[in-house]
Amino acid sequence: MRRMAMFFVAAAVFSVVGATVLFWTLATALGSPDTVGNVARGVGLLVVLYGFLLAARSLRRLAAPLGDVIEAVGRVADGDLSTRVRERGSREARALARAFNAMTSRLEAGEEQRRRLLADVSHELRTPLSVVQGNLEALVDGVHPADEAHLEAILDETKILSRLVEDLRTLSLAESGALALHREPVDVGVLVRETVDSFASQAEPAGVLIDAAVPSGLSQVDADPVRAREILANLIANAIRYTPRGGRVSVEASAEAASVAIEVRDTGAGIAPDRVDRIFDRFYKSPESRGAGLGLAIAKQLVEAHGGAIGAKSVLGKGTDIRFTLPAEPPSDPRG
């Protein structure tokens, strides 16, 4: 912008000087008695004309990039989110084009994410609904008797549907930042031991040993106890699911500077390096998984809603270690 202004000033100065010399020469040659007046009027006329030319040129240079943006806005309004604008013109025009392109990129990514989510939800709902429908039709047609075994199969599928709907609701609230957390001081030792104990009945039939290690004197965390338990439960359930018979799942807690870290380690098959970073994506799961692929995504969103962090390390054939942090409860003021 400064270079452009300096160019305009220099051009105007040179034009005035040139016009002055030209009119002075003409007036002298013609023997005009009002030489100074003629020169002044000529210079004034040239300056006005030059100003109009500069203004027209500037408006044309500004109008072309703005026209590109206006045309692109119309295409976006018609639903073409792949629209991009070529960056050209002044610095301000290029900045406008960059901002427009960034906006349409985010809109396009959001639309793609929405479509993928709808497709994933439809896929996950289809299986339990098909089972429920098939069993009910069999009961109505008299193919199956309305006994406890067949009714329990239908009930199990409705529980899967209910869990899926609740998981989707939790994930949606967490991603939008609308999830309400009821924070209070939470004893990490109690949280870990109670959650681990609740999985004993699930680990034992699977032949998986599960244990916990929490040091004494560990700081409390500032967290929603229900959501904190949900985080840990999702990680433990996932670890048990992928740990073979004879394997082990360990839950350990440790203190950090301003937080408490909790690790869930298993001795399962591990995860390929190119897949580790994707395990927290919603609906991402291994081909052999029977889950909906929401547990780790929910855990990640809940941890981040608390202001913590979560990550995973894995070695093929040796197991996976998922670690997350929660903010420590600040020490109380001894002065009251």
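This is a predicted model: local features need pLDDT of at least 70, side-chain atom pairs count only at pLDDT 80 or more; totals for chains, interfaces and linings use all residues.
Biologist: What's the strand order in the open sheet?
Modeller: The order is β2-β4-β5-β7-β6. That makes five strands, with mixed pairing.

Biologist: Which strands sit at the edges?
Modeller: β2 (209–213) and β6 (310–315). Each pairs on one side only.

Biologist: And how much twist from one strand to the next?
Modeller: The twist averages 15°.

Biologist: Take β4 and β5. Parallel or antiparallel?
Modeller: Antiparallel, over seven bridges. β4 covers residues 248–255 and β5 covers residues 259–266.

Biologist: Which residue in β5 is the bridge partner of glutamate 252?
Modeller: Glutamate 263. Glu263 also touches aspartate 321.

Biologist: Where is aspartate 321, then?
Modeller: In strand β7, which spans residues 319–327.

Biologist: Buried or exposed?
Modeller: Aspartate 321 is buried. Its relative accessible area is 11%, and the cut-off for buried is under 20%.

Biologist: What else does aspartate 321 touch, leaving out residues up to four places away in sequence?
Modeller: Besides Glu263, there are Val264, Arg265, Gly311, Ala312 and Lys313.

Biologist: Switching to helices. At what angle do α4 and α9 pack?
Modeller: About 35°, with their axes 9 Å apart. α4 is residues 148–176 and α9 is residues 295–305.

Biologist: Left-handed or right-handed crossing?
Modeller: The crossing of α4 and α9 is left-handed.

Biologist: Which residues meet there?
Modeller: From α4, Asp167, Thr170, Leu171, Ala174 and Glu175. From α9, Ala297, Ile298, Gln301 and Leu302.

Biologist: How do the residues of that contact divide?
Modeller: Five are nonpolar, two polar and two charged.

How values were computed: Residues are numbered from 1 along each chain as its sequence is written. Side-chain values use heavy atoms; hydrogens and water are left out. Helices (H or I, at least four residues) and strands (E, at least two) are DSSP runs, numbered from the N terminus. Buried means under 20% relative accessible area, exposed over 50%, partly exposed in between (1.4 Å probe, protein chains only). Contact means heavy atoms within 4.5 Å. Axes are lines fitted to C-alpha atoms, for helices over the stretch in contact, and angles run from 0 to 180 degrees between N-to-C directions. A crossing is left-handed if the near helix is turned anticlockwise from the far one by less than a right angle, and right-handed if clockwise. Ala, Val, Leu, Ile, Met, Phe, Trp, Tyr, Cys and Pro count as nonpolar, Asp, Glu, Lys and Arg as charged, and the others, Gly among them, as polar. Two strands pair if DSSP finds at least two bridges between them.
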